[in-house]
Amino acid sequence: MNSERVTHEFPPVFDERSRVLILGTIPSPRSRELGFYYMHPQNRFWRMLCAVLNEKLPSDIEGRKLLCLKHGIALWDVLESCDISGAEDSSIKNAVPNDLRLIIDNCPIRAVFTTGKKAHALYGKHFADLMPDICLPSTSPANRTISEEKMLEEYRQILKYL
């Protein structure tokens, strides 16, 4: 598959009460098509987050934004743009980071979580001076190396910082 230059197309979700920042790498083709984070129907992010927060899965984007804000969660991605083949994080090249200080400097962030090893590595490369991150398992449909039960256990770490 050929790589293409991808630029992040939608804004971060946060407000002045955000205490936890959750970062992916860059939206997948399906997420870009649907206009919001983790929107591939087989991605487990929203199921994990709703289970952790003991909430029902909102059916629309506005409901998902409100869910995050209600619980003090900011949502964005490490990258503003990159060259990538499809949704393959391992193919990322020529990465340009987002300006995470927009959130870090304006919110009482207690913890940064990265979703997957590539987001963790990119965060470490570009933002090691901000605050340490906690690497969570990728919720991508391609990641089938971890059970839903174990993934949920990992995602429950978020609760300690809310």
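So, reading along the sequence, the pattern here is β-β-α-α-α-β-β-β-α-β-α-β-α. In total that's six helices and seven strands, where helices (H or I, at least four residues) and strands (E, at least two) are DSSP runs numbered from the N terminus. Before I go on: this is a predicted model, where local features need pLDDT of at least 70, side-chain atom pairs count only at pLDDT 80 or more, and totals for chains, interfaces and linings use all residues. Residues are numbered from 1 along each chain as its sequence is written, and side-chain values use heavy atoms, with hydrogens and water left out.

Okay, overall shape. The C-alpha trace spans about 40 × 35 × 30 Å along its principal axes. For 162 residues, a compact globule would come out with a radius of gyration near 15 Å, and this protein has 15 Å, so the two agree. That radius is taken over C-alpha atoms, and the globule rule is 2.2 Å times the number of residues to the power 0.38.

On contacts, meaning heavy atoms within 4.5 Å: of those with a separation of 6 or more, 64% are between residues 24 or more positions apart. And 50% of the 162 residues count as buried; buried is under 20% relative accessible area, exposed is over 50%, and partly exposed is in between, with a 1.4 Å probe and protein chains only.

A pocket here is an open set of points on a 1 Å grid over the protein atoms alone, where a 1.4 Å probe fits, with protein on both sides within 12 Å along at least five of seven lines; lining residues have an atom within 4 Å of a point. There are 33 lining residues, and the closest to the centre are Ala 87, Asp 89, Thr 115, Ser 138 and Ser 140. Helix H1 (29-34), strand E5 (88-97), helix H5 (117-127) and strand E7 (133-136) each give two or more residues, and E5 gives the most, with three. By class, the lining has 13 nonpolar, 15 polar and five charged residues.

Most residues other than glycine have a negative phi. Tyr 38, though, has a positive phi of about 55°, and sits in the loop between H1 and helix H2 (45-53). Asn 54 also has a positive phi of about 55°, in the loop between H2 and helix H3 (61-70). Which of them is buried, and which exposed? Tyr 38 is at 11% relative accessibility, so it counts as buried, while Asn 54 is at 71%, so that one counts as exposed.

Terms used: Ala, Val, Leu, Ile, Met, Phe, Trp, Tyr, Cys and Pro count as nonpolar, Asp, Glu, Lys and Arg as charged, and the others, Gly among them, as polar.
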